[in-house]
Amino acid sequence: MDTVSHALWGYGLFGSRGRPWTALFMGAAPDLASFGLFALVRLAHGEPIMGKPPLSIIPQWCFLAYDTMHSLVVASIAIALVWRKRPGIGFAMLAWPFHILLDIPFHARSYFPTKFLFPLSPVTIDGIPWYTPSVWTANLGALAILLAYRAYRKRGPAPAPSLEGTEKKKGP
Ligand SMILES: [Zn+2]
């Protein structure tokens, strides 16, 4: 999926417990840490960054950053470490593995397939590219429903409980 969609999915699904900006950022982080950094490097060199760059100009570090940040193994370990101390942040970080789960079926092997078990296994799935019109339309529709639901819940009388700082219920 595109990076903005990933950020909004993260916000919509995991931004409800007091960490909306963390969820938004973690939803986009796997792409920001690879393509985003590469785009900044190209900008610094005065190169145009419109469209997806051809594989031939992408440096090795970008592939490594992409594979590392698109690994369910890496994401699980990082989230487990954070969750022990800061469960609220850990919950918002679930936007990261959700990004990976979305990329697995919607990236073709020809351009950045998702090595979701990196570095344990190079296995990938030859998916349908996210920019295929039917996939893209379904993505926008599902995102619109999710964000509308989130906005509805935000205005409603019963907000979702926070994982952090919840007080134990006092007995009668
Ligand atoms: Zn991605």
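**Reading rings and a zinc site**

Trainee: Why is Phe-63 called partly exposed?

Mentor: Its relative accessibility is 22%. Buried means under 20% relative accessible area and exposed over 50%, with partly exposed in between (1.4 Å probe, protein chains only). The value of 22% falls in between, so Phe-63 is partly exposed.

Trainee: What kind of model is this, and which atoms and residues count?

Mentor: It is a predicted model, in which local features need pLDDT of at least 70 and side-chain atom pairs pLDDT 80 or more, while totals for chains, interfaces and linings use all residues. Residues are numbered from 1 along each chain as its sequence is written, and side-chain values use heavy atoms, without hydrogens and water.

Trainee: How many aromatic pairs does a search of the whole structure find?

Mentor: Twelve. Rings of Phe, Tyr and Trp (its six-membered ring) pair if their centres lie within 6.5 Å; planes under 30 degrees apart are stacked, over 60 edge-to-face, and the rest tilted.

Trainee: What makes the pair of Phe-35 and Phe-112 edge-to-face?

Mentor: The centres are 4.7 Å apart and the planes are at 65°. That angle is over 60 degrees, so the pair is edge-to-face. Phe-35 is in helix 2 and Phe-112 in the loop between helix 6 (95-103) and helix 7 (133-155), so parts 77 residues apart in sequence are tied together. Helices here are DSSP runs (H or I, at least four residues), numbered from the N terminus.

Trainee: How do you know whether Phe-112 is buried or exposed?

Mentor: Its relative accessibility is 5%, which is under 20%, so Phe-112 is buried.

Trainee: Why is the pair of Phe-63 and Phe-112 called stacked?

Mentor: The planes are 10° apart, with 5.0 Å centre to centre. Since 10° is under 30 degrees, the pair is stacked. Ring pairs link Phe-35, Phe-63, Tyr-66, Tyr-111 and Phe-112 into a cluster.

Trainee: What makes Asp-31, His-70, His-99 and Asp-103 donors of the zinc ion?

Mentor: Their donor atoms lie 2.0 to 2.3 Å from the zinc ion. Donors are N, O and S atoms within 2.8 Å of the metal (3.2 Å for Na, K and Ca), so these atoms qualify.

Trainee: Why is the site called irregular?

Mentor: The angles among the four donor atoms run from 89 to 172°.

Definitions and conventions
Four donors count as tetrahedral if all angles lie between 85 and 135 degrees; four count as square planar and six as octahedral if opposite donors are over 155 degrees apart and all others between 65 and 115; anything else is irregular. Helices (H or I, at least four residues) and strands (E, at least two) are DSSP runs, numbered from the N terminus.
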